[in-house]
Amino acid sequence: MDFQLTEEHLMIQKAARDFAVNELLPGVIERDEHQKFPAEQIKKLGELGFLGMMVSPKYGGAGLDTISYVLAMEEISKIDASASVVMSVNNSLVCWGLETFGTEEQKQKYLVPLASGQVIGAFMLSEPEAGSDATSQRTTAEDKGDHYLLNGTKNWITNGNSASVYLVMAQTHPEKGSKGINALIVEKDMPGVTIGAKENKLGIRGSDTHSVMFQDVKVPKENRIGEDGFGFKFAMKTLAGGRIGIASQALGIASGAYELALKYSKERKAFGKEISQHQAIQFKLADMATRIEGARLLCLKAAWDKDQHNDYTLSSSMAKVFASEAAMWVSTEAVQVHGGYGYVKEYHVERLMRDAKITQIYEGTSEVQRIVISRAILS
Ligand code: CAA
């Protein structure tokens with residue numbers, strides 16, 4: 001067992017940290033307040049290779065391992081979780097799914113621009129009545145011979161407006177349940193695609209979350225990913241990797257909040273000494289650091305499993321449930337350490353606390369992760 005990061009890992013971690021501090025920190029409070037998508041910053045992230053980190057250079061990616069991805073996600077999320085969710089969806093849900101299951105033609109046409117960040121992608125599984133219960137898809141993809149006719153509504157779509165390539169799950173054979181679902185590549189400008197209103201969210205307010213409607217959208221058959229009926233398995237396999245991304249986002253939110261609390265505790269004085277000299281604060285810092293370390297180890301273990309081609313369904317769900325709960329707890333304690341200052345925007349911790357909440361909800365709620373974990377340990 002080797003807990004040492006390589007030179008390359010350390011370089012990537014530093015590059016992500018520098019980018020976050022120099023490019024994302026300026027304006028992060030305003031973007032959150034005004035729900036402004038970090039378009040310029042995402043473009044630069046793409047140019048640096050952070051949007052297709054694990055994609056082979058053959059398809060325009062950076063060809064890095066999942067450990068590198070975890071390290072970069074943590075650093076970006078410490079500063080701006082709205083930017084890191086764009087990065088996570090594009091890397092794990094869109095690029096990985098296309099590279100692993102797409103045809104050569106699909107990769108050339110869609111993966112190359114996605115991996116190099118020229119365009120960004122969205123993953124569309126959730127519906128008004130199919131969130132955790134993802135098999136209950138109401139969106140239909142009717143088989144019309146050379147194309148599918150797509151009808152329905154997708155909800156809570158990250159990159160809903162900014163993405164131009166969508167991976168859409170839809171039901172073709174309702175009588176077959178989860179085995180009747182297909183995954184289709186849909187372009188934003190196909191006739192019949194409409195973007196719904198932007199959600200006004202508690203956190204990750206810089207990311208654009210929309211509903212997306214499909215009305216009689218003709219999707220060519222060659223845009224189906226995998227065999228007929230592979231869509232649900234495609235979504236589940238893709239989400240297992242996505243959960244490593246969101247676990248790392250949660251880890252970053254937690255470590256960002258902790259670093260701010262630690263710094264503040266050494267500056268702020270109360271009762272004649274720095275508050276870090278009070279045991280009440282010391283115990284909070286100790287618990288924060290311990291939970292973060294646990295979350296980091298679980299994220300890196302899941303990433304390692306993926307890089308070793310081990311089954312990572314269990315480890316990614318464990319990482320996600322633990323890291324997201326750590327993020328919520330640590331960021332709330334970070335606000336507490338800051339006292340009244342923690343409750344105002346300038347000190348960043350209130351934003352991190354709001355951002356933390358979504359990590360317990362998207363890409364499978366904490367309850368869904370517990371379903372996945374308990375099934376694995378009981379099977
Ligand atoms: N890998 C491969 N196959 C899998 C799988 C996996 N990880 N998980 C399930 N499957 C297969 C099963 O083996 C089964 O196939 P067979 O019938 O051949 O055995 C089939 O898929 C159906 O599986 P289940 O019976 O387990 O399905 P279920 O209805 O009981 O649901 C669930 C299981 C875990 C709750 C699942 O529905 C789930 O993960 N729900 C949450 C969905 C989710 O994460 N949504 C997030 C939306 S995307 C998002 O948030 C992105 C964003 O914007 C940031």
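## Helices α1 and α4

In this predicted model, helix α1 packs against helix α4 (residues 66–79) at an angle of about 20 degrees, and their axes are 8 Å apart. Because angles under 35 degrees count as roughly parallel, α1 is roughly parallel to α4. The crossing of α1 with α4 is right-handed.

On the α1 side, the contact is made by His9, Ile12, Gln13, Ala16, Arg17, Phe19, Ala20, Val21 and Leu24. On the α4 side, Ile67, Ser68, Leu71, Ala72, Glu75, Ile76 and Ile79 take part. Sorted by class, the contact of α1 with α4 has 11 nonpolar, three polar and two charged residues.

## Gln13 within α1

Gln13 belongs to helix α1, which covers residues 7–24. Its relative accessible area is 14%, and since buried means under 20%, Gln13 is classed as buried. When residues up to four places away in sequence are not counted, Gln13 touches Leu5, Leu71 and Glu75. Leu71 and Glu75 are also among the α4 residues in the contact with α1.

## Val28 and His348

Val28 is located in helix α2 (residues 28–34). Val28 is buried, its relative accessible area being 4%. Residues up to four places away in sequence aside, Val28 touches Ile79, Asp80, His348 and Arg351. Val28 and Ala83 are separated by 55 residues in sequence, and their C-alpha atoms are 9.7 Å apart in space.

His348 sits in the loop between α9 (313–338) and α10 (349–358). With a relative accessible area of 16%, His348 is buried. Apart from neighbours within four places in sequence, the contacts of His348 are Leu25, Val28, Ile29 and Leu260.

## Helices α5 and α6

Helix α5 (residues 81–101) and helix α6 (residues 104–115) have axes 10 Å apart and pack at an angle of about 155 degrees. This angle makes α5 roughly antiparallel to α6. The two helices, α5 and α6, form a left-handed crossing.

Asn90, Val94, Cys95, Leu98 and Glu99 are the α5 residues in this contact. They meet Lys107, Tyr110, Leu111, Leu114 and Ala115 of α6. The residues of the contact of α5 with α6 comprise seven nonpolar, one polar and two charged.

## Helices α7 and α8

Between helix α7 (residues 231–267) and helix α8 (residues 279–307), the axes come within 9 Å and cross at roughly 155 degrees. Because angles over 145 degrees count as roughly antiparallel, α7 is described as roughly antiparallel to α8. The crossing of α7 and α8 is left-handed.

From α7, the residues in contact are Ile244, Ala247, Ser248, Leu251, Ala254, Ser255, Tyr258, Ala261, Leu262 and Ser265. Their partners in α8 are Ile281, Leu285, Met288, Ala289, Ile292, Ala295, Arg296, Cys299, Ala302, Ala303 and Lys306. The residues of the contact of α7 with α8 fall into 16 nonpolar, three polar and two charged.

## The largest nonpolar core

In soluble globular proteins, nonpolar side chains tend to be buried together. In this model, the largest nonpolar core has 107 residues, of which Leu150, Tyr166, Val186 and Phe214 touch the most other members. Helix α7 gives the most to this core, with 16 residues.

Which residues does Val186 contact, leaving aside its neighbours within four places in sequence? They are Leu150, Ser164, Val165, Tyr166, Val168, Val193, Phe214, Val217 and Val219.

## Positive phi in two loop residues

Phe271 has phi near 55 degrees, a positive value in a residue other than glycine. Phe271 is placed in the loop between β9 (269–270) and β10 (273–274). Its relative accessibility is 78%, so Phe271 counts as exposed.

His309 also has a positive phi, near 65 degrees, and is a residue other than glycine. His309 lies in the loop between α8 and α9. Its relative accessible area is 74%, and His309 is therefore exposed.

Notes. Residues are numbered from 1 along each chain as its sequence is written. This is a predicted model: local features need pLDDT of at least 70, side-chain atom pairs count only at pLDDT 80 or more; totals for chains, interfaces and linings use all residues. Side-chain values use heavy atoms; hydrogens and water are left out. Axes are lines fitted to C-alpha atoms, for helices over the stretch in contact, and angles run from 0 to 180 degrees between N-to-C directions. Helices (H or I, at least four residues) and strands (E, at least two) are DSSP runs, numbered from the N terminus. Angles under 35 degrees count as roughly parallel, over 145 as roughly antiparallel, 65 to 115 as roughly perpendicular and the rest as oblique. A crossing is left-handed if the near helix is turned anticlockwise from the far one by less than a right angle, and right-handed if clockwise. Contact means heavy atoms within 4.5 Å. Ala, Val, Leu, Ile, Met, Phe, Trp, Tyr, Cys and Pro count as nonpolar, Asp, Glu, Lys and Arg as charged, and the others, Gly among them, as polar. A nonpolar core is a set of buried Ala, Val, Leu, Ile, Met, Phe, Trp, Tyr and Cys residues joined through side-chain atoms within 4.5 Å. Buried means under 20% relative accessible area, exposed over 50%, partly exposed in between (1.4 Å probe, protein chains only).
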